[in-house]
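Biologist: I would like to learn how to read a model of this kind, one feature at a time. Where do we begin?

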Amino acid sequence: MQTLALYVGFGLVTASILCVGAIGFTLQFGISNLFNLAFGATMTAAAFIAYICNAAGLDIWASLVLGSLGAAALSYLLNRGIYLPFKKRTTSLFTLIMVTLGVGLVIQYGIEAIWGATDFSYTLGPGRSLHFAGMVVTTTQLIVIGIAVGAAVVMHLLLRYTRLGKAMRAVAVNERLARNCGIPVRIVADSTWVISGVLSGLAGVTLVMDVQTLNSSTGTEFFILIVAAAVLGGIGSPYGAMIGSIIIGVVAEVSAGFLNPAFKDITSFAILIVVLLLRPTGVIRSVASAKEVAR
Amino acid sequence: MRLNDVVAGYGGGDVLHGVSFDVRVGGITCVVGPNGAGKSTLLATVSALLRPRRGEILFRGEKLQGRTPKQVLQLGIVQVPQNHSLFRDMTVRENVEMGGFLVRDRHVLSERLERVMSLFPIVSERGKDKAGSLSGGQQRLVEFARCLMLDPALVILDEPSMGLDPKTLKVVFDMVRQMRADGRTLLLVEQNARAGLRLSTHGVVLENGRVRLEGTGREVLEHPEIGQLYLGGAVAPAAAS
Ligand SMILES: Nc1ncnc2c1ncn2[C@@H]1O[C@H](COP(=O)(O)OP(=O)(O)O)[C@@H](O)[C@H]1O
Ligand SMILES: [Mg+2]
């Protein structure tokens, strides 16, 4: 029992990071109908930007902010500079996915070319370990959880109560109809890529703060779990992504703890497959399925 | 509004081959024609969702072609697209709010919302429910409610009767008459030609992207050839009256 609680504790930390990433990833899909496989590489890029800042003497929080802003800029540029031009030329979903895969590899190996295949880590302030109901979490991990909760709340408020947020949801459900209502689809899409870029940056930097090691494939490896969480929740649905993250995060860490760290991805995808068999649209009926109806 | 020799299409071929007709101010103009005649294409062209290749569209003396969809909305031309035109995952109230997206003034916006809600009680009754959970007829009414948020001068409806049972159809058509009584001009497209023409002051028959016939609703309804072709056999005098 003690060990289970311990692993659940780790799971909640992982779930928090997943949650931030999965919301960003699922938003991109919802708005642009693009399964952006470069998302993980964007996380790594943000983590390296934060590393540079941190190594230059900035504290980790300032580095987190700068890393996230860097990821926002990168995400915006990728959409404007690469994805949109390709979308104009091709309607093949497969081609677009290959493009995102290629972009991800270029970023990942670009980073490796500069920094090599070594591991780095941040200089964090002195932390303490807290014990709570059998769980052990460090203060850093507690803050990571806090950041995730904060991000989820902010996203909820944005999507429910603001003009931009409602417009984002409208574009995600039915772009043509949104245009018909006078919603500036292009601006909404640009904003979404900036926001999801910030989220990918937060996820990337907090991931490294948690696992305390960074290399050129850190983001892409973790990204597999993000995909599982987003699809489990119903791809395109931010609330589904939150639920999916908690399930995947806890399952991954508990199985890693009891079985073997290598089982993280395997059990996550086993869960994903079982859930999709029972409920093909994911936990929350996804935007993707609503789109099929709308056409 | 007047359409003059409008040619439009997608990709390679033209769908509309020089369409001209008038939309009378304050009237209900109904475009009928077989499936694939280009009716929806025509409406998309008016709303600037599709750029005409030739010809002009004049609204109160102003050219519509070359404008963006948003500019056309701002001129007071709003379209309710063919079937499934609600944001299913958003609430009924949010759907209606999206109709007023271009209204920046909060005061005006809440005033419009009040008016629309008094006209369509369903908007307040089911306001918090997902739009996708409403019945077909209820959804159509919410679509109407949404389009009225811009207080449009010209309302364009693409097949408002589609998929509705006779009772709901009556409610929806009554609402179309109500919009006219409120001083709006209506342009609608109907597969259900007989019902559509009976509702309308003017009728236009579109066939293969060309205007086959234009006249008052009754003239088109009673035209012998048209009766044969589109209205399912000759129109019995009783049915036409
Ligand atoms: N988005 C589109 N792209 C290409 N062709 C289209 C598109 N929409 C309609 N068409 C074609 O244009 C023609 C007219 O279609 P439409 O205007 O929808 O007819 P209607 O509304 O009268 O049934 C059809 O042959 C249809 O296949
Ligand atoms: Mg049509």
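Modeller: This is a predicted model. In helix 5 of chain A, Thr140(A), Gln141(A), Val144(A), Ile145(A), Ile147(A), Ala148(A), Ala151(A) and Met155(A) are buried.

Biologist: What covers the buried residues of helix 5 of chain A?

Modeller: The cover includes helix 1 (2-32), strand 2 (135-138), helix 8 (185-211) and helix 10 (238-258), which belong to chain A.

Biologist: What span should helix 5 of chain A have, at 1.5 Å a residue?

Modeller: Helix 5 of chain A runs over residues 139-161, and its 23 residues should span 33 Å. The end C-alpha atoms are 32 Å apart, which agrees.

Biologist: Which residues of helix 7 of chain B are buried?

Modeller: The general idea is this: an α-helix has 3.6 residues a turn, so residues three or four places apart point the same way. Here the buried residues are Val172(B), Val176(B) and Met179(B). They cover an arc of only 55° around the axis, and therefore sit on the same side of helix 7 of chain B.

Biologist: Which residues are exposed on the face turned away from the buried side of helix 7 of chain B?

Modeller: That face carries Pro166(B), Lys167(B), Asp174(B), Arg177(B), Gln178(B) and Ala181(B). Take Arg177(B) as the worked case: it has 12 C-beta neighbours inside 10 Å, so it counts as exposed. Arg177(B) and Leu199(B) are 22 residues apart in sequence, but their C-alpha atoms are 7.8 Å apart in space.

Biologist: What covers the buried residues of helix 7 of chain B?

Modeller: The cover includes strand 3 (28-32), helix 6 (136-148), strand 7 (154-158), strand 8 (185-190) and helix 8 (193-199) of chain B. After helix 7 of chain B comes Gly183(B), with a positive phi near 95°.

Biologist: Strand 3 of chain B is part of that cover. Is strand 3 of chain B itself buried or exposed?

Modeller: Five of its five residues are buried, so strand 3 of chain B is largely enclosed by the rest of the structure. Both faces are covered, with Ile28(B), Cys30(B) and Val32(B) on one side and Thr29(B) and Val31(B) on the other.

Biologist: In which sense, parallel or antiparallel, does strand 3 of chain B pair with strand 8 of chain B?

Modeller: In general, strands of a sheet pair through backbone hydrogen bonds, either parallel or antiparallel. Strand 3 of chain B pairs with strand 8 of chain B in the parallel sense, over five bridges. Strand 9 of chain B (residues 202-207) also runs parallel to strand 3 of chain B, and four bridges join them. Cys30(B) shows both pairings: it stands opposite Leu188(B) in strand 8 of chain B, and its bridge partner in strand 9 of chain B is Gly203(B).

Biologist: What is the order of the open sheet of four strands in chain B?

Modeller: The order is 2-1-4-5, with antiparallel pairing. Strand 2 (14-22) and strand 5 (62-63) of chain B are the edge strands, and each pairs on one side only. Strand 1 (residues 2-9) of chain B is joined to strand 2 of chain B by six bridges. In that pairing, Ala8(B) stands opposite Leu16(B).

Biologist: Next, the ligand. Which residues are around ligand 1?

Modeller: They are Tyr10(B), Val15(B), Gly33(B), Asn35(B), Gly36(B), Ala37(B), Gly38(B), Lys39(B), Ser40(B) and Thr41(B). By type, three are nonpolar, six polar and one charged. Helix 1 (residues 39-46) of chain B gives the largest share of the shell, three residues.

Biologist: How many residues of helix 1 of chain B are buried?

Modeller: Seven of its eight residues are buried, so helix 1 of chain B is largely enclosed by the rest of the structure. Lys39(B) and Thr41(B) are among them. Just after this helix, Ala48(B) takes a positive phi of about 65°.

Biologist: Last, the two chains. How many residues of chain A are in contact with chain B?

Modeller: 16 residues of chain A are in contact with 17 residues of chain B. On the chain A side, helix 6 (163-173), helix 7 (175-180) and helix 12 (287-294) each give two or more residues. Helix 6 of chain A gives the largest share, five residues. The residues of this side divide into ten nonpolar, three polar and three charged.

How values were computed:
Residues are numbered from 1 along each chain as its sequence is written. Chains are lettered from A and ligands numbered from 1 in the order in which they are written. This is a predicted model: local features need pLDDT of at least 70, side-chain atom pairs count only at pLDDT 80 or more; totals for chains, interfaces and linings use all residues. Two residues are in contact if their C-beta atoms, placed from the backbone, lie within 7 Å. Ala, Val, Leu, Ile, Met, Phe, Trp, Tyr, Cys and Pro count as nonpolar, Asp, Glu, Lys and Arg as charged, and the others, Gly among them, as polar. A residue is near a molecule or strand if its C-beta atom, placed from the backbone, lies within 6 Å of it. A residue is buried if 20 or more other C-beta atoms lie within 10 Å of its own, exposed if 12 or fewer, and partly exposed in between; C-beta atoms are placed from the backbone. The arc is that of the directions from the helix axis to the C-beta atoms. Two strands pair if DSSP finds at least two bridges between them. The expected span of a helix is 1.5 Å times one less than its number of residues.
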